[in-house]
Amino acid sequence: MLVTLEGLDGSGKTTVWEALHDAYPDAVFTREPTSDSWYGDAVNRAIADDDADPLATLFLFTADHADHLSRVVRPALADGDLVISDRYSDSRYAYQAASLRDSDLRRPMEYIRGIHTAFTRPPDKTIYLDVDPETAAARSGATNKFEQAAYLADVRANYERLIEAEPERFVRVDATRSPEDVLDAVEAALEEILAEN
Ligand SMILES: Nc1ncnc2c1ncn2[C@@H]1O[C@H](COP(=O)(O)OP(=O)(O)OP(=O)(O)O)[C@@H](O)[C@H]1O
Ligand SMILES: Cc1cn([C@H]2C[C@H](O)[C@@H](COP(=O)(O)O)O2)c(=O)[nH]c1=O
């Protein structure tokens, strides 16, 4: 089963993802962008480059996803493992659709989803850590072009579209609460997800 953690920068995904290692020692913990491949290195260069072309950046993230799928996610799922990914395809649909909002693409989110449809493996469930853009930018330190409140407001609106389209896949967690309360809520959501499956 594939469970993903999604949310704005600073929503607390990585904090939760790290804490879950203790509760689910047999799960495969992974993330996007990947941290152990040259595709992930290329993505990190694009994130750090304020002048990186948004369409080129989309394809770098998508290449990293293809490698992540074939090298980590599909083999783990084939072995029957629980896979917990800190960010996954929804990050592309939310972030790159925001980056490409003023591009020549008429419907950026649909375009990006279309690229993925042919090859991706959609998540079974997605836990969405919901925070407002101002909290997200403040927590993340606003250190790069993605961690800006105005941009994150567009990203959040895109996540809302995704949730509206597939309400049964998403579990929304109020991530403005303390780290302990957020972790309790995520663990409860995961227990329920695993009990249902
Ligand atoms: N519930 C919380 N309340 C307050 N601060 C938090 C909470 N969760 C995480 N933080 C803090 O916010 C910062 C960002 O947390 P974290 O790295 O887990 O977020 P993230 O969603 O993974 O961000 P990014 O997507 O940018 O990597 C860290 O300093 C962390 O300690
Ligand atoms: C997977 C993915 C990520 N991003 C953005 C979101 C963050 O600002 C950075 C790096 O992610 P991290 O969780 O802070 O390490 O990249 C994106 O724009 N598109 C994606 O597909």
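User: At which residues does UniProt place the feature "binding site"?

Analyst: The model is predicted, so local features need pLDDT of at least 70 and side-chain atom pairs pLDDT 80 or more, while totals for chains, interfaces and linings use all residues. Residues are numbered from 1 along each chain as its sequence is written, and chains are lettered from A and ligands numbered from 1 in the order written. UniProt positions follow this numbering, feature names are shortened, and annotations may be inferred rather than shown by experiment. The unreviewed UniProt entry places the feature at Gly 7, Leu 8, Asp 9, Gly 10, Ser 11, Gly 12, Lys 13 and Thr 14.

User: Is Ser 11 buried or exposed?

Analyst: A residue is buried if 20 or more other C-beta atoms, placed from the backbone, lie within 10 Å of its own, exposed if 12 or fewer, and partly exposed in between. Because Ser 11 has 27 C-beta neighbours inside 10 Å, Ser 11 counts as buried.

User: Which residues does Lys 13 contact, leaving aside neighbours within four places in sequence?

Analyst: Lys 13 sits in helix H1; helices (H or I, at least four residues) and strands (E, at least two) are DSSP runs, numbered from the N terminus. Contact requires C-beta atoms, placed from the backbone, within 7 Å. With those neighbours left aside, Lys 13 is in contact with Leu 5, Gly 7, Asp 86, Arg 87 and Leu 129.

User: How many residues of H4 are buried?

Analyst: The helix is mostly covered. Its cover includes strands E1 and E4 and helices H3, H5 and H7. The number of buried residues in H4 is 11 of 11.

Technical notes:
Contact = placed C-beta atoms within 7 Å.
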